[in-house]
Amino acid sequence: MSRTKGIRALWNSLSAPEPFDVLIVPGTWHPDGDGISAAFADALDSKRFRPRIVSYPADYGRTMPYAESLVAGRKALIAAIEASPGHLVLAGYSQGAAIAGDLAASLGRDELSRVAACALIADPLRPVGKCLGVDPGGYGIAGQRDVPNIPTYWAAAPGDPITALPAGNPLRSIADLSAYFSLSSPQDALRWGQSLLDGATRRQLQRWWSPQNWRSWSGAVAFARGYLFDGRHTEDYIRHGHAKRLAERINAEIAPRGRA
């Protein structure tokens with residue numbers, strides 16, 4: 001290589017945009033990554049984005065209640081943000097989307113200056129109408145949460161009860177009643193029962209049983225089958241390209257900034 005070419009190559013490397021770290025929080029029972037998160041990561045432009053899995057318990061009642069897993073995941077994501085000095089994209093699938101979306105919605109001014117976007121797959125708190133491509137209807141099984149200060153993109157598969165459940169579907173009771181579900185010890189079982197009582201007395205349960213929602217009750221079996229047997233919450237995100245489409249939107253709209 002000539003001296004001129006060497007200098008040019010060095011200059012290009014020094015002036016090239018610094019890639020974004022994409023912090024991906026995986027789904028339930030996959031603490032170190034899952035196929036949907038991998039499909040999203042693989043479709044990102046490797047020259048501009050560095051995907052990294054944020055490990056956390058990712059549990060739902062086996063050894064730890066869901067609510068505690070969320071807390072642990074939030075702490076892990078905060079630690080990952082603090083360990084990444086550059087600009088970031090926060091991402092997550094399923095339980096991981098709840099964690100990433102909740103944290104993105106609550107970031108302070110200093111963090112907002114570094115987080116360029118949030119990408120959520122099968123978010124259990126997806127708001128009505130927020131989705132790439134065709135809107136599957138409904139909203140998250142646990143309710144709705146917007147992310148007001150960061151460009152946020154949602155991928156939601158039709159028939160996925162975790163992220164596209166009709167307002168009056170009885171399956172909403174699962175989200176309302178299982179946050180602290182765990183039978184790993186008598187103490188955990190007692191705490192679960194107390195959480196049910198607290199939710200009821202504080203009127204925090206979703207009003208899926210309201211008469212105005214009776215027409216949608218019949219879809220509970222179909223949504224349950226979609227989750228348990230038909231892959232609406234899992235394989236559909238790969239075979240129908242939802243995860244890839246989300247990555248392509250990040251590729252198209254989020255431009256890494258040049259070095260300081």
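The protein exposes about 13,400 Å², and carbon and sulfur atoms supply 57% of that area. The model is a predicted one. Of the 260 residues in the protein, 44% are buried.

The protein has 10 helices and 5 strands. Among contacts between residues at least 6 apart in sequence, 73% join residues at least 24 apart.

**Aromatic pairs**

A search of the whole structure finds 3 aromatic pairs. Two of them are described here, Y60 with Y66 and Y93 with Y237. A pair of aromatic rings is described by the distance of the centres and the angle of the planes.

| Pair | Distance between centres | Angle between planes | Class |
|---|---|---|---|
| Y60 and Y66 | 4.5 Å | 20° | stacked |
| Y93 and Y237 | 6.3 Å | 65° | edge-to-face |

The Y60 and Y66 pair counts as stacked because its planes stand at 20°, and the limit for that class is under 30 degrees. Y60 has a relative accessible area of 24% and is therefore partly exposed. Y66 counts as buried because its relative accessibility is 13%, the cut-off being under 20%.

In the edge-to-face pair of Y93 and Y237, both residues are buried. Y93 belongs to strand β3 (residues 88-93) and Y237 to helix α9 (residues 236-239), so this pair ties together parts that are 144 residues apart in sequence.

**A charge over a ring**

Which residue lies over the face of W29? R62 does, at 4.3 Å from the ring centre.

Methods
Residues numbered from 1 in each chain as written. Predicted model: local features only at pLDDT ≥ 70, side-chain atom pairs only at ≥ 80, totals over all residues. Heavy atoms only, no water. Helix = DSSP H or I, 4+ residues; strand = E, 2+ residues; numbered from the N terminus. Buried < 20%, exposed > 50% of the residue type's maximum accessible area, 1.4 Å probe, protein only. Contact = heavy atoms within 4.5 Å. Areas by Shrake-Rupley, 256 points an atom, 1.4 Å probe, with all protein chains shown as cover. Phe/Tyr/Trp six-rings, centres within 6.5 Å; stacked < 30°, edge-to-face > 60°. Lys NZ or Arg CZ within 6 Å of the ring centre and 35° of its normal.
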